[in-house]
Amino acid sequence: MAGSASEYIQHHLQNLTYGKLPAGYERADGSVMSEAGWTMAHSSREASDMGFWAVHVDSLGWAVGLGALFLILFRMAAKRATSGQPSGLQNFVEILIEFVDTSVKETFHGRNKVIAPLSLTIFCWVFLMNLMDLVPVDFLPQLFHMMGLEYMKVVPTTDVNVTLGMSLSVFFLIIYYSIKVKGVGGFVGELTLHPFSSDNFFLKVLLVPVNLLLEGVSLLAKPISLALRLFGNLYAGELIFILIALLPFWAQWALSVPWAIFHILIITLQAFIFMMLTIVYLSMAHEDSH
């Protein structure tokens with residue numbers, strides 16, 4: 001799959017990318033495309049040249065698949081739920097629901113039936129995506145390589161496009177509920193009249209650009225910090241696993257097992273942090289300043 005240590009690392013950090021290449025483009029294997037078309041990238045250079053509209057097939061595939069797994073497991077638990085002796089799956093699901101419900105009640109101060117299901121979905125989905133980091137780094141890539149796929153990143157949250165996509169969804173919800181609860185005037189006023197305010201009309205007008213700059217940066221920082229915090233922690237964890245895989249076999253077990261045990265805490269904590277920050281941000285969006 002890869003030769004030197006540098007090539008090995010680059011290979012494992014490269015996404016399976018599908019995108020469009022122009023006519024006359026020289027491929028990694030030396031062939032030249034006779035006409036423009038959509039194709040799988042065979043090198044990092046090709047993936048880069050595909051531009052903005054390229055799709056990371058592996059990240060999307062694993063994210064959708066793990067989301068479907070979450071829905072299937074919870075649907076199974078709901079359909080088989082009993083008031084008698086519950087199954088292990090039902091107990092596990094009930095513990096998760098109670099944990100998330102308690103977190104929402106303690107943090108969210110508005111009234112919205114969407115918040116609790118959204119929080120449960122975020123926590124379970126992010127946790128499942130993070131959990132893929134505990135799969136041996138060579139196992140699934142090697143398996144897909146045998147099937148003819150050159151690249152396969154199996155941890156969606158190590159792809160900044162995935163984490164940013166989720167955080168932007170939360171950002172749009174923040175904007176939506178801010179306008180719905182406070183009105184357009186209230187939302188604009190929150191951005192232009194805080195944190196500095198004055199009873200003097202002319203001074204208030206002069207402070208509007210300053211307030212807009214400060215509040216605008218604060219608002220835009222929310223999705224960016226959400227995305228980069230999750231991405232950075234999981235990317236670093238994945239990179240450490242890859243570096244451990246480069247060591248001799250006896251050293252791999254000595255280092256990978258302790259790191260995997262510690263990493264269980266990281267993947268759980270990052271899912272919890274993403275969920276809690278989402279609840280906090282949406283709670284702030286529901287606070288009417290009037």
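**Reading pockets and a cavity**

Me: How many nonpolar, polar and charged residues are in the lining of the second largest pocket?

Reply: Eleven residues of that lining are nonpolar, two are polar and two are charged. Ala, Val, Leu, Ile, Met, Phe, Trp, Tyr, Cys and Pro count as nonpolar, Asp, Glu, Lys and Arg as charged, and the others, including Gly, as polar. This is a predicted model: local features need pLDDT of at least 70, side-chain atom pairs need 80 or more, and totals for chains, interfaces and linings use all residues. Residues are numbered from 1 along each chain as its sequence is written, and side-chain values use heavy atoms, without hydrogens and water.

Me: What volume has the second largest pocket?

Reply: A pocket is an open set of points on a 1 Å grid over the protein atoms alone, with protein on both sides within 12 Å along at least five of seven lines; a cavity is a set where a 1.4 Å probe fits but cannot get out; lining residues have an atom within 4 Å of a point. Points join across faces, edges and corners, and volume is the space filled by probe spheres set on them. Here the second largest pocket has about 330 Å³. Its lining has 15 residues, with Pro136, Val137, Phe241, Gln252 and Ser256 closest to the centre.

Me: Which elements supply at least two residues of its lining?

Reply: Elements are DSSP runs, numbered from the N terminus: helices (H or I, at least four residues) and strands (E, at least two). For this pocket they are α8 (201–245) and α9 (249–285). The largest share, six residues, comes from α9.

Me: What is the volume of the largest pocket?

Reply: The largest pocket has about 520 Å³. It is lined by 23 residues, and Ala54, Val55, His56, Asp159 and Asn161 are closest to its centre. Two or more lining residues come from each of α2 (44–49), β3 (55–56), α3 (57–79) and α7 (160–192).

Me: How many residues of each class line the largest pocket?

Reply: Twelve are nonpolar, ten are polar and one is charged.

Me: How many cavities of 30 Å³ or more does the structure hold?

Reply: One. About 100 Å³ of space lies in the largest cavity.

Me: Which residues lie nearest the centre of the largest cavity?

Reply: Val137, Pro141, Val154, Val155 and Glu238, out of 13 lining residues. By class, the cavity lining has nine nonpolar, one polar and three charged residues. Look at Val137 again: it is among the residues nearest the cavity's centre, and Val137 is also among those closest to the centre of the second largest pocket.
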